[in-house]
Amino acid sequence: MIAQMRDIVTAELAPTATPDHPGGLAAALYAGRHVEFFDYGLADDTTRQPVTPDTLFNLASLRKPFEAALVALGTLRGELRPDDPVTRYVPELRGDYVRKVTMGELVTHTSGLLLPTDHPPWPDDTFTQAQFFDMLNAWTPQHGEQPGRQRIYSHAGYVLLQLALERRYGRPIRELIDRRILKPLGMTSTFVPERGPDNRAIMSHEAMQRTAQGYSDQGTAIGPPGNQQSYFDFPGTGQIFSSARDLAIFVAACVDGRSVAPELRDALRLTQRESFRVDEKFGQAMAWETVHLDGVTVVDKPGGLNNASGYFGLVPTHKLAIVLLANRGEYPHEIARYKILPALARLVSVR
C-alpha cells in the first residue's frame, strides 16, 4: 500500500515542480507510522543546491497552528480561557469593538477584525506596536461585523493573539513555541527567529546554509535566503522556518500522537475541533480549516507569501497527513486538499 500511496502523491506533485517551475518543492507524507519524503527542484537556482527533506523553508501562515496549540494547551492547563477578553492581557486596547473580542475569537478568525494589513490593497507602511494598538482601538465594523458571528481571516488578529500570549506568560512567542511544542515533540529544525535590520531571519550559519532562496511564481528572486516579511515593526512578528522532515513530526503528532505526551496530544486535537461552520463545505477550528468532502473530512492550513508557499493537510480519521513546502509564491496546494488526501483516504478505507 505504501507503494500505491507513493504513486498517488508523485502523480500529483511531479507536474507542479518541473524544471520549468521556479525553485523547488519538499513534501512529507505520514501514513500510520510510516513517513515518505518527496523532493523536487532547487533550493537555490544560482548555486544549484537541490531541495532535500532538511531544506529550511519560510512557513508563512503555517506558524498559526503552533500559536493555536499554545492557546489549546493553556486552556487544558487552566492557564487561560477562550472566552477571556483579549483586554485581560493587552490592557492598551480600549476601543468599543476590540474590547469585546475574546482569545477564542482571535484563534478561530471569528473576531470580525479586518485591518489594512490583512488583505489587498496592501499598505506601504510598517506599524509600531503603539500604532497597531491605535488601529485596533479606532477600528469599527465595516459591514456589520460582530465578535464571534462570522469567519474573516485576519493576520492582524494573530499578531494580537501573539501579544496576548506573550503578556499572559511573560515570555517571547518564540520561547513559548519552542518550550511548549517544539522541544516536547523533538523538533530540532524549526525556528521562530527574530528579524534583523535587513529583514533577514537571525539564525545560525548552519541553518542559513540550509535555507531556501525564495522566488515569485514567475521565477524572480525575492529577498535573500531567510527573508522575513511583516507589516509590524516589533519583535516576534516575522515568520517561522522549518523543514519537511521536522514538520512530518508535527503532523504525525496531530493525527496520531502515539508517542506524544497526553496533554500535548489532547491540545493538538483540540485545535482541530471545528467551532464555526462557514457553509455546508467549510468550517473553522483553531487556525485549522475543516473541509467536508464526499466521504472524507480534511483538516488543513495553507500559507503563503510572495516568495513561499506551504500546506498542512490532515485526515485524522485515517491517520493521514501531508506537508508541502515550496520556495515560490502561489504554489497550487489545493491538489493536496481535493486530490491527494481524498485518494489516499479511499485507498486506506478499501484496505
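Q: Which residues of α9 do A68, A69, A72, L73 and L76 in α2 meet?
A: This is a predicted model, in which local features need pLDDT of at least 70, side-chain atom pairs count only at pLDDT 80 or more, and totals for chains, interfaces and linings use all residues. Residues are numbered from 1 along each chain as its sequence is written, and side-chain values use heavy atoms, without hydrogens and water. Helices are DSSP runs (H or I, at least four residues) numbered from the N terminus, and contact means heavy atoms within 4.5 Å. The five α2 residues named meet E263, L264, D266, A267, L268, L270 and T271.

Q: How many charged residues does the contact of α2 with α9 have?
A: Asp, Glu, Lys and Arg count as charged, Ala, Val, Leu, Ile, Met, Phe, Trp, Tyr, Cys and Pro as nonpolar, and the others as polar. Beside nine nonpolar residues and one polar residue, the charged ones number two.

Q: How does L76 count at 43% relative accessibility?
A: Under 20% relative accessible area is buried, over 50% exposed and in between partly exposed (1.4 Å probe, protein chains only). L76 lies in α2; at 43%, L76 therefore counts as partly exposed.

Definitions and conventions
Helices (H or I, at least four residues) and strands (E, at least two) are DSSP runs, numbered from the N terminus.
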